Amino acid sequence: MRQLIAILIAVVWAGAVQADGLSPGAKIAFFGISFIDTSTEGAYNGIREDETARLAMLEGYVRDQFTERGFTLLPLDTVETEMNRVASVADCNFCDVIMARKLEADYSMVGEVQKVSNLILAMNLVVRDAAEGQHVRGISVDIRGNNDKSWLRGMRYILKNNIFKE
């Protein structure tokens with residue numbers, strides 16, 4: 001019986017820690033979503049306007065979802081110079097965490113979309129604790145189709161099934 005109680009306490013405590021891991025009211029430094037084009041199309045034709053617009057749409061969607069749930073997204077003005085020094089904040093050896101600390105954020109958040117082809121893309125969103133640098137939430141999903149609908153569907157899945165999962 002004691003073992004069962006200990007297990008139940010451990011499960012409840014672990015759930016509380018996870019729920020506490022990302023709670024409304026927290027301050028988040030959202031460094032946006034980077035785009036990596038590893039398709040041959042990008043190598044030949046360069047940056048596409050529709051994909052650039054989709055990145056802005058996705059970033060706006062993420063911001064809206066966090067704001068609607070009571071999180072505070074911090075302005076990045078004071079770390080803009082540092083952000084411009086790296087090709088991608090999502091892939092800079094935890095520079096996002098260092099900048100989040102300077103902003104006095106509770107969490108750092110970065111995302112990435114990788115285009116393999118017009119049919120196959122992968123996207124991810126990662127939330128790290130700014131004080132410790134530890135991964136709090138994050139997942140990567142593959143999507144099919146390079147259009148607004150598929151990009152939003154992928155991000156909705158990430159938010160619903162990982163980031164805001166209760």
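User: Where is Asn-124 placed?

Analyst: Asn-124 sits in strand 4 (residues 120-129). The name comes from DSSP runs, where a helix is H or I over at least four residues, a strand is E over at least two, and numbering starts at the N terminus.

User: Happy to have that. How should I read the model itself?

Analyst: It is a predicted model, in which local features need pLDDT of at least 70 and side-chain atom pairs count only at pLDDT 80 or more, while totals for chains, interfaces and linings use all residues. Residues are numbered from 1 along each chain as its sequence is written, and side-chain values use heavy atoms, with hydrogens and water left out.

User: Why is Asn-124 called buried?

Analyst: Its relative accessibility is 19%. Buried means under 20% relative accessible area, exposed means over 50%, and partly exposed lies in between (1.4 Å probe, protein chains only). Asn-124 therefore falls under the cut-off and counts as buried.

User: What makes a residue a contact of Asn-124?

Analyst: Contact means heavy atoms within 4.5 Å. Leaving aside neighbours within four places in sequence, Asn-124 is in contact with Val-110, Gly-111, Glu-112, Ile-139, Ser-140 and Ile-158.

User: Is Ile-28 buried or exposed?

Analyst: Buried: Ile-28 has 0% relative accessibility. This residue belongs to strand 1. With neighbours up to four places away in sequence not counted, Ile-28 touches Leu-22, Phe-66, Phe-71, Thr-72, Leu-73, Leu-74, Ala-105, Tyr-107 and Met-109. Ile-28 and Glu-104 are 76 residues apart in sequence, with 9.0 Å from C-alpha to C-alpha.

User: Why is Gly-138 called buried?

Analyst: Gly-138 has 18% relative accessibility, which counts as buried. You will find Gly-138 in strand 5 (residues 135-144). Apart from neighbours within four places in sequence, its contacts are Leu-125, Val-126, Asn-162 and Ile-163.

User: Is Ser-150 buried or exposed?

Analyst: Ser-150 is buried, at 2% relative accessibility. Ser-150 is placed in helix 6 (residues 148-163), and beyond its neighbours within four places in sequence it is in contact with Ile-143, Arg-144 and Gly-145.

User: What makes the largest pocket a pocket, and what is its volume?

Analyst: On a 1 Å grid over the protein atoms alone, a pocket is an open set of points with protein on both sides within 12 Å along at least five of seven lines, whereas in a cavity a 1.4 Å probe fits but cannot get out; lining residues have an atom within 4 Å of a point. Points are joined across faces, edges and corners, and the volume is the space filled by probe spheres set on them. By that method the largest pocket has about 250 Å³. Strand 1 (27-37) and helix 4 (80-84) are the elements giving two or more residues to its lining, and strand 1 supplies the largest share, five residues.

User: How do the residues of that lining divide?

Analyst: Nine are nonpolar, three polar and none charged. Ala, Val, Leu, Ile, Met, Phe, Trp, Tyr, Cys and Pro count as nonpolar, Asp, Glu, Lys and Arg as charged, and the others, Gly among them, as polar. The lining includes Phe-31, Ile-33 and Ser-34.

User: And how many helices and strands does the chain have?

Analyst: Six helices and five strands, in the order α-β-α-α-β-α-α-β-β-β-α. Of its 166 residues, 43% count as buried.
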